[in-house]
Structures are given as C-alpha cells and as structure tokens.
Amino acid sequence: EMDEEEEEGGALAEVTIEGFNSSKSTLFAGNLLVGKFDLLLQVVEDGVRLVDSGTLALVTQWSPFSPSDEDSDDDEPLGFITVASANESGQIVVALRGGALVYLLVEGGEGSSPTIRRVKQVTLDREISCIDLNPFGSSSPHRKEGSDSMELDNAESSPRGTRKSQLVAVGLWDDFSVRLLNLSGDDHSSVLDQVLHINLGRGNDNDGSSLTANDNDEQELGESGQHMMARSLCLVTMDSQSTNSNSIILKNTAAATGNNVDMLLVGLGDGKLISFVVNQPTSSPGNNNWSIHSRKEVSLGTQGIHLIPFQHGSSKSSGSCVLATGDRPTVVYLTGGNAGSNSNPKLNYSTISLTVEDDDDDDEDGHNHASHKNISVNVATPFRSSLLFSTAGAHSSSLCIADENTLRLGMIDNIQKLHVTSYKLGMTPRRICYHEAGRVYCVGCIGGLDVGMDANQNNCVRFFDDSTFEELNCINLEPFEMILSIESVSLSINSPPSESKSKPSDTASPIEYRPFIVMGTAYAYPDEDEPSQGRVIVVECNSGGTGNLKSDTEDQMLRHVRQVADLPLMGGIYSIAPFYGGNILVTCNSKTVLCQLFASVITPGELLLNCVGSGHHGHLISLYVKSLVSSDKSLSKCQEKTKQRAIVGDLMRSIALVEYYPKHQVIHELARDFNSNFCTEIAMLTDNIYMGSEGYNNLFVLQYNPNATTEQTRVRLDTVGHYHIGEMTNKMMGGSLIMPSNNTTGSVGATANGKVASDKTSYESNRKIDITIGSQTLYGTVDGTIGSILGLGGKAFAFLNSLQRAMDAIVRPVGDLSRGHYRAWEQEQKKHASCGFVDGDWVETFLDLNRPTMERVVKEMNKDTRWRIRDDGKGFSTRNDGRQNLMDTEDGMGTDAGISSNASALSVEDVLGAVEEISMLH
C-alpha cells in the first residue's frame, strides 16, 4: 500500500485470483473486452476459464471433456489442451492432443452474462506446436469505400485491441512450415479452412512462391533450411518509426497501408527468426488469395524464441514492435517508408540490455550500483500502468519480463543505433582503456598549465566505475611526466629468474595469471626534442568481490586501485601490446622490447617488471606495436607451438613484421614494407595480413608470404589493398558495435555443414556473408567518426565488389561526383585506384534504391558475371593454372576467373539478402 500524493509510483503486490485454477499449469492468460464485460482469461490443460476482473470470481468455463454445445455435431470428449492463444475481442483457439484445433468465441449481450461458444473444430495431420491469432492493425481488405475501420460491432467506439482477427497462424511439430487458417466470414463452413501454407525454407523467398490453398505439392526445402519447427508465431502490423537505419527492405509495399506493414514472424527453436510480409486479399477481381513475400531469416541467439507484440513510444509517435525473447532479447521494429520519404520500409533488429541493480556491489552506505547486463528472457508481456513510471503515457506500454529466478518491470528506451552519454572530466583526456576484470574505465588526463610553467604539472590517470562513472581512484604522475599508452592485459607472474646468466630466463615457469592495467609514460622535458626517459607502470584494480587488496584507510571503498610495479626505460613508451605467454611488448623510442612480470625473492608478495633480451632495433620511432593476443589469458597461454609474431608501426617506415624466439630471447625482423608510409595506426588482422592507416587519410593492407621462393620476396610485405577513407585514423581495435551471437564462432554465415557450395548451386544457396579474414575491426578518426571494417571471404568479396562496380555504372551519385575518384589512393604525387576494399556505405545504399533501379543494377551484375568465383577459403582460386588474388583493383578480374558462362543468374532478392546480411554485422 502507498499514498499516491506523497510518493511517486506504485507498489507491486501479489493478488490471489479466486477464479483461476492455481493447481494446474497455465498455458495462456490475458485480458478480454467483450461488450461491456472486462474479463480475465486463463487456459489450463483441462479447460478455459473466464474471470470477472472486478470481483475476480469465476464467470464461466469451457472444458474439452464436457458435452459440446448445441451448435456442434460432435459430442465426444476432445482431450487435453496443449497450446492456446486468444485476443482481446474474445476469440480463443486451443490445440488438443492428437492435432485437433478448436475455435472458441466469447459472447455476451446486454442482459446476459458472458458465455463461451465452440464455433468449429478441425484435425490437422500433426501435433500443434504454436498458435497465434493477433489481429492485423491495418485496414480490412473487405472494407467499404471511404471507410478505414474494420467491420466490427461498434467499430467506432471499439478500442484497437478489440479488433477480431481474420486469421490464425498454426505451427506443427516435425514440420518446417506454417499454416494460415481462416476465421472470418458469416458462413461457418469456411472457418478454419487453410488459406495459405508457408514453407519456411528458402524456396519461399520470392513473390508468388508461397503455397496457397490450391497448391497441394510440398516445396522442397532450400539447402540452408534446417528441419527446426516453429516454436512461436506472431501476426502483427508493424508501424514505421521515425528512426532511419539500414536493414531488411520490404520490396513490395502493397501490403502496407500508409506506413503500416502486415507481417508474420516465426521464431524457431534454435534461436532463428524468420519474417514474411503478408498480402491480404482485396475486393478487386482476381485477387482473392492471401500471399507472402520478402522472406528474411536472422539468428538472434541459440535458445528458442518467444514473440510478444507491444506498443512503443508516446501516444503521438507510438508504433508496433515485437520483443523476441531468448538468450539475446531483441526488439524488432520497422523504419522508413513514411509519407514524403524516398526510402523503402525496412525491418530492424535492436538488441536490448537490461539495466539492473547489482546486489553484490553494495557500498558501505548500502547503495546498489546500476549496471547494464545481458540477461536471458524466458517470458514477457506488455502492460500499461500509470503508477509504474511517471513518464509512461496513456498509450505507452511497459514490459514485464522474467528469467528463471527474477520478475522485472520496466520500459524500453527510445530505439537508437548508438547510445551516447557524456560525462565531464574537467581535464583533457589523452588515453583510455576498459579493464573488464576491475569493471573500470582508465583515463589518462592532462592537467592545466601552471602560470609561468612550460609543461603540464598535474597529469594523472583516473579510474571510473563502468556503470555509474563514479571516480574510484586517481594516480598522479610525476612532474613533466605524461601518459602515452595504456592497455588492459593478463600477465603471468613468473618465478624469480635464475641467478646463473648461462641459462635463459624463459625456463622460469609461470605461477599464475592475473589481470592488470599497464601504462606507458614519457618525461617531456622542455629542452628535449624526443623523450629520453619513461616508465612502464603496472596497476592492479580489484572488482570489490574478493577483497584481496587492503585499502590504506578503513573507510575507503572496497574497490580501489594500487600500483604494483614499474620499470624505468631510456625513452618514451609509445605503445604497449599483450603478447604470448602472459608477457607484453613495449616500444621505447626506436626499440621494441619484451617485458615479463616476476615475483620478488626479497619481499614476498612484491612484483618486479623486467626486460627480457636486448629487444629489436631498426626503426626511426616505433609508434605502434600490435599482436594477435587479446587482453584475456586464453591466447596468451598458447606459446608452445605458436609462432610469436607482432607488427611494429614506424613514424616514416611503414610496418615491419617481427617474431620472438623464447629459446634465444631474440626479437627478429621477418619482413617489412619498404614503402614510405607515415603510420597513424596499425592492426594485425591475421598471422599474415596487416592493415595500417597513414597521414594522407588512406588505409593500406599488407600481406606476408612465407612460402615465397626467394629470400628477397620473403622479406618484403606485399601491398594488397589501398583505400582512401577521407579522415585521419588514429585508433583501430578488434570488435563490433553489435552484440555477437552466442553461436558465432569466428565465421558469420558459414555454408551448410561447413562445405563450399558446388558450382551447380546459385548464390541463393550460399548468400550469407562469411567473415574469414581478420574478423571485425573498429576504427576511430580525429574527426570523431567511428567505423567498422569487415574482413570478407572470397565469395563475399567477389560478390560485393561486383555489386560495387554495377552501382558505379548504373546509379548516379550526388552531384555527379565520382565515387571511384574519391576513394582512390592519393599520397603526394602518387595516385591510383583503390583495391582490395568494398565501399560499405556505397553498397548498402542499394537498399534505398527503387525497384526499377535495383533491377538494372542486378542486370549489370549478371552481365559482368564476376560475382561468382571458386574459392578454397584461403582467398585464392582453386584453379591449377595460377592463383587469383581477391584483392583485385576497381577494374576487376578477367571474365574467365572461374566463371562458367551458364552460371545461374542473380535476382534482386539474392542481392537484397546479401546486402541485408552485411548491414546487420555492424
């Protein structure tokens, strides 16, 4: 209980509904609005119960074991209920054991109490797995001229939720299809007749390929069609939001009224979601059948999906969305296609994170800290309550979600592709990293200039909580010392090195692996052009859960930071990279050295950081060092049979590849790029492929060929990619702006069974984009741009490169500016066409083209024929007459690059599916 005048919000309390059967599992529960009656519905295995929402008393019930009503011809008991669905208008459909489907209708007059009437029963050929009869919100196809409302009783005064559904969608066990059955018509003889049989395989991707009631032959499943039956169905009218994003395009807007699109969503048991646009029959001659088009399949996780439609937004800008539950709960919504817009309607998928309070992180005052967590959602339902949130409008829905242990109430924030929150530091940030083990952001800052001083005197490193951004600690640097690099790594604490100089120190065995933050600094003295001194500082930050570290004062928070080791070096520490064996590589002026962490012999518990070997020389200034080892300890432990390689970026001498030999404690240079590139950032994509950015706003890709026949070729890094990005890139890191799926294992969209499709199959059977080179890389520029670079496999690159050439030939760019001229590599007096890259921004504009232009682009691709190649998964053709480098130029490969003249032609839907897949990967 609470006083609404003194306290904002409402209290949540359990209510016992006397009319409900609490001894049986509830299969369905919901609200009904029938006439003047406001009812609660409960469906259990042995009956359907209606309860008055005011008195909570039982009003009436229907049981499959009781005698049938007067309108039925069958008086035999029906059996237990297995699945049920209903809507607010009083339509109820239940499935019984043995595949029986029963249609019930709740009726109630002015002078009579509500009753449940059995309208009709049919028996299907298999057990029923899921049902949905949510009504479409668009206008009825059988409407009168000038009328926009459905033909319902009291349609003018009926709320939207009381519309009757014309269809019921039914999914069966051991059947990879969905059936749409009729519920409309005054003649009950046509009720529950099948109006559409939808094969969920890829064979139903085009217009006119759906199975109508007159088609008796089953279509064969596509190559990618798994035999996973439907677990959840949702008939919904999607309302277009004002947000603009690139995703699935709905190529035929005949099913849309204004900016509304009728859709069928199918959730499978393996976490996949399949969507269709549903065309309603119209009163025009020759169009009396239901049909579907625009099939789209996405993976939202690994657990089964349950689909819940709800209204999102305020009363003026609300729209219908669908929540897909599972281990990666996702909101499905529609954008584009509004009046006056040139863009087509597109279906978007936005993964949601739940803001929860962490009970384990109470501070001394007893306050919980809110954090964003990804929690699996088992069931959910929308509801409206003005007492829950003061910001909730009358037409805005809250959500009630539940996992295995917790029931949560909340609202979904405005749907955005990127959420930005700013926190003022009061200082200039210079370096930042995230330390997952300590759940902190570490920010190196530059203080203000003191009066009469030429150098910063108040430089420091500050630590902030990853949820609340509360400052936990601050480490002040020494005078003239400034931060140059910072990295979160997992270091091995080795046993003390041997006192004998004859034995190498790599024989020391690691005691344990622990997470640390490693910082590199330099002393910027006013009389030095280059720093002559610097430090490598090792910091440990606990998460507050273990309490192993003791604070200096008793009243300090449990979570804090302490410095555990430092190593002075003769130069500035420009870059730090995690390396194999729990070690780190650091660049100090022109040197690259390996550092190890040891346990102190003199002082137990103290840690020492030492250099191993003499390091590597040969650079002007070694600004960057990168390896394939991530900040976790999984790969850092693998040092036995793995070649321990890294790349070093120089101020003027581009990129060099080095390898560390633990037995001899030597860092040896294997190859280098002999071009003069002023590196601004580098990234190691694979063991043999590296990417860098240079001072003329270009990207370049290098490849190491260890199998070259001559030594002169082996020591040279070949340039295989050039691209003008237009902004100076100053940061690259592996990652993605979207949450990865739990079933993704480094290759997105692999072919069925991991095999390369045969030449007899079209691109349709293997059109998912396979990311096999370098995975996903994020980059940031000095102009504030955040971008994504995806490494493409051979088939994907050939296809998208062909699409890029076709769009250059067909689509007229803005202002007639040449895209190829803008993306061309330009460095001082050197200029040549870009190669090895596909312009993602340009390719994804294919989704915004009108249908005739799409068809012209696809026709140009089929004329080109270079979209189809043979590929062995290594980026080269499998032909014996020579290898084909996929990093081809804008002019492209020859027409004989493994393409047969009679290769299957592409369709617009093939290209749409491929571009949609790539647009969802960033």
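Trainee: Let's start with cysteine 445. How far is its sulfur from the closest cysteine sulfur?
Mentor: The gap is 5.1 Å, and the partner is cysteine 460, so the two sulfurs are too far apart for a bond. Keep in mind that this is a predicted model.

Trainee: Okay. And is cysteine 445 buried or exposed?
Mentor: Buried, because its relative accessibility is 1%.

Trainee: What about cysteine 442, which cysteine sulfur is closest there?
Mentor: That would be the one in cysteine 433, at 4.8 Å. A disulfide needs the sulfurs within 2.5 Å, so this pair is too far apart for a bond as well. Cysteine 442 also counts as buried, because its relative accessibility is 0%.

Trainee: How many disulfides turn up in the whole structure, then?
Mentor: The search finds 0.

Trainee: Let me zoom out. How many helices and strands does the chain have?
Mentor: There are 6 helices and 53 strands in the protein chain.

Trainee: And how much of the chain is buried?
Mentor: Of its 922 residues, 50% count as buried. As for contacts between residues at least 6 apart in sequence, 59% of them join residues at least 24 apart.

Trainee: Can we look at a strand? How many residues of β45 are buried?
Mentor: For β45, residues 679-684, it's 6 of the 6, so the strand is largely enclosed by the rest of the structure.

Trainee: Which strand does β45 pair with, and in what sense?
Mentor: With β46, residues 689-694, in the antiparallel sense over 5 bridges. A hairpin of 4 residues links β45 to β46.

Trainee: What holds paired strands together in general?
Mentor: Strands of a sheet pair through backbone hydrogen bonds, and the pairing can be parallel or antiparallel.

Trainee: Now the sheet with β5 in it. What's the strand order?
Mentor: It runs β5-β6-β7-β8, an open sheet of 4 strands with antiparallel pairing. The edges are β5 (81-86) and β8 (115-123), each of which pairs on one side only. On average, neighbouring strands of this sheet are turned by 20 degrees against each other, direction ignored.

Trainee: How many bridges link β5 and β6?
Mentor: They pair over 5 bridges, in the antiparallel sense, and β6 covers residues 91-96.

Trainee: Switching to helices: how do α2 and α6 pack?
Mentor: Helix α2 (residues 794-810) meets helix α6 (residues 908-919) at an angle of about 110 degrees, with the axes 11 Å apart. They are therefore roughly perpendicular to each other.

Trainee: Which residues meet there?
Mentor: On α2 you have Phe799, Leu800 and Leu803, and on α6 they meet Asp910, Val911, Ala914, Val915 and Ile918. By class, that contact has 7 nonpolar, no polar and 1 charged residues.

Methods. Residues numbered from 1 in each chain as written. Predicted model: local features only at pLDDT ≥ 70, side-chain atom pairs only at ≥ 80, totals over all residues. Heavy atoms only, no water. Buried < 20%, exposed > 50% of the residue type's maximum accessible area, 1.4 Å probe, protein only. Helix = DSSP H or I, 4+ residues; strand = E, 2+ residues; numbered from the N terminus. Pairing = 2+ DSSP bridges. Axes fitted to C-alpha atoms, helices over the stretch in contact; angles between N-to-C directions. Parallel < 35°, antiparallel > 145°, perpendicular 65-115°, else oblique. Contact = heavy atoms within 4.5 Å. Nonpolar A, V, L, I, M, F, W, Y, C, P; charged D, E, K, R; others polar.
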